[in-house]
Amino acid sequence: FTLPVMVISMILPRIPKINVFMEQKILPGLELEAFLLWALTTVVQFWFGWRFYVNAANAIRHGAANMDVLVSLGTTSAYVYSLISLVLGMVKAYHGEEGAEEMELANKDAHFFETSA
C-alpha cells in the first residue's frame with residue numbers, strides 16, 4: 001500500500017496525461033488523486049500501524065516514551081492534518097463559499113498522506 005502511495009504522489013503527477021486523469025473531481029473539492037491517497041494511507045495508518053499504537057500505549061502506561069510513541073505521533077499528526085485539509089477544502093467547495101476556488105488551489109498539494117504512509 002505504501003508503494004502505490006509513493007507512485008501516486010511522486011511519479012504520476014509528472015506524467016501529463018495521467019496527471020489530467022488524476023485531477024478529475026469525484027466530489028466538489030475532492031480530486032481522484034487525493035481520494036486514492038487517503039484510501040491507501042488509511043489502510044497503512046491503522047491496519048499496518050496498529051502495532052505502533054499498541055506499543056506506544058504500553059510505553060506511555062509504563063511512564064516511558066520510545067520510538068513507537070514517536071512514530072505514532074508523527075504519522076498521526078501528518079494523517080490528521082491531511083484529513084482536515086481535505087475535508088475543509090471539500091466543505092468550502094460544496095457550499096460554494098467565497099474564496100472556495102482559491103482555497104481549493106491552495107489545498108491542492110496541502111495534504112501529506114505520503115508522509116503518513
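## Ser82 in helix H5

Leaving aside neighbours within four places in sequence, Ser82 is in contact with His111, Phe112 and Phe113, where contact means heavy atoms within 4.5 Å. Ser82 belongs to helix H5. Ser82 has a relative accessible area of 0%, so it counts as buried. Buried means under 20% relative accessible area, exposed over 50%, and partly exposed in between, with a 1.4 Å probe and protein chains only.

## Basis of the model

The model is predicted: local features need pLDDT of at least 70, side-chain atom pairs count only at pLDDT 80 or more, and totals for chains, interfaces and linings use all residues. Residues are numbered from 1 along each chain as its sequence is written, and side-chain values use heavy atoms, with hydrogens and water left out.

## Overall layout

The chain holds 7 helices and 2 strands. Both kinds of element are DSSP runs numbered from the N terminus: helices are H or I with at least four residues, strands are E with at least two. Starting at the N terminus, the order is α-α-β-β-α-α-α-α-α.

The chain has 117 residues, and 32% of them count as buried. Among contacts with a separation of 6 or more, 62% come from residues 24 or more positions apart.

Helix H1 spans residues 2-11 and includes Ser9. Ser9 is buried, at a relative accessible area of 17%. Not counting residues up to four places away in sequence, Ser9 touches Glu33, Leu37 and Glu114.

Helix H2 covers residues 16-22 and contains Ile18. Ile18 has 32% relative accessibility, so it counts as partly exposed. Ile18 and Ile8 stand 10 residues apart in sequence, and their C-alpha atoms are 9.9 Å apart.

## Helix H3

Two packed helices are described by the angle between their axes and the distance between the axes. Axes are lines fitted to C-alpha atoms, for helices over the stretch in contact, and angles run from 0 to 180 degrees between N-to-C directions.

H3 and H5 pack at about 150°, with axes 11 Å apart. H3 is therefore roughly antiparallel to H5. Angles under 35 degrees count as roughly parallel, over 145 as roughly antiparallel, 65 to 115 as roughly perpendicular, and the rest as oblique. The crossing is left-handed: the near helix is turned anticlockwise from the far one by less than a right angle, whereas clockwise would be right-handed. H3 contributes Ala34, Trp38, Thr41, Thr42, Gln45 and Phe46; H5 contributes Thr75, Thr76, Tyr79, Leu83 and Leu86. By class, the contact of H3 with H5 has 6 nonpolar, 5 polar and no charged residues. Ala, Val, Leu, Ile, Met, Phe, Trp, Tyr, Cys and Pro count as nonpolar, Asp, Glu, Lys and Arg as charged, and the others, Gly among them, as polar.

## H3 against H4

The axes of H3 and H4 come within 4 Å and cross at roughly 40°. That angle makes H3 oblique to H4. Gln45, Phe46, Trp47 and Phe48 of H3 meet Trp50, Arg51 and Tyr53 of H4. The residues of this contact divide into 5 nonpolar, 1 polar and 1 charged.

## H4 against H5

Helix H4 (residues 50-61) and helix H5 (residues 67-95) have axes that come within 8 Å and cross at roughly 125°. H4 and H5 are therefore oblique to each other. H4 passes H5 in a left-handed crossing. On the H4 side, the contact is made by Phe52, Tyr53, Asn55, Ala56, Ala59 and Ile60; on the H5 side, by Asp68, Val69, Val71, Ser72 and Thr76. The contact of H4 with H5 comprises 7 nonpolar, 3 polar and 1 charged residues.

Ala59 sits in helix H4. Ala59 is buried, with a relative accessible area of 9%. Neighbours within four places in sequence aside, Ala59 is in contact with Ala64, Asn66 and Val69. Ala59 and Val69 are 10 residues apart along the chain, and 7.6 Å separates their C-alpha atoms.
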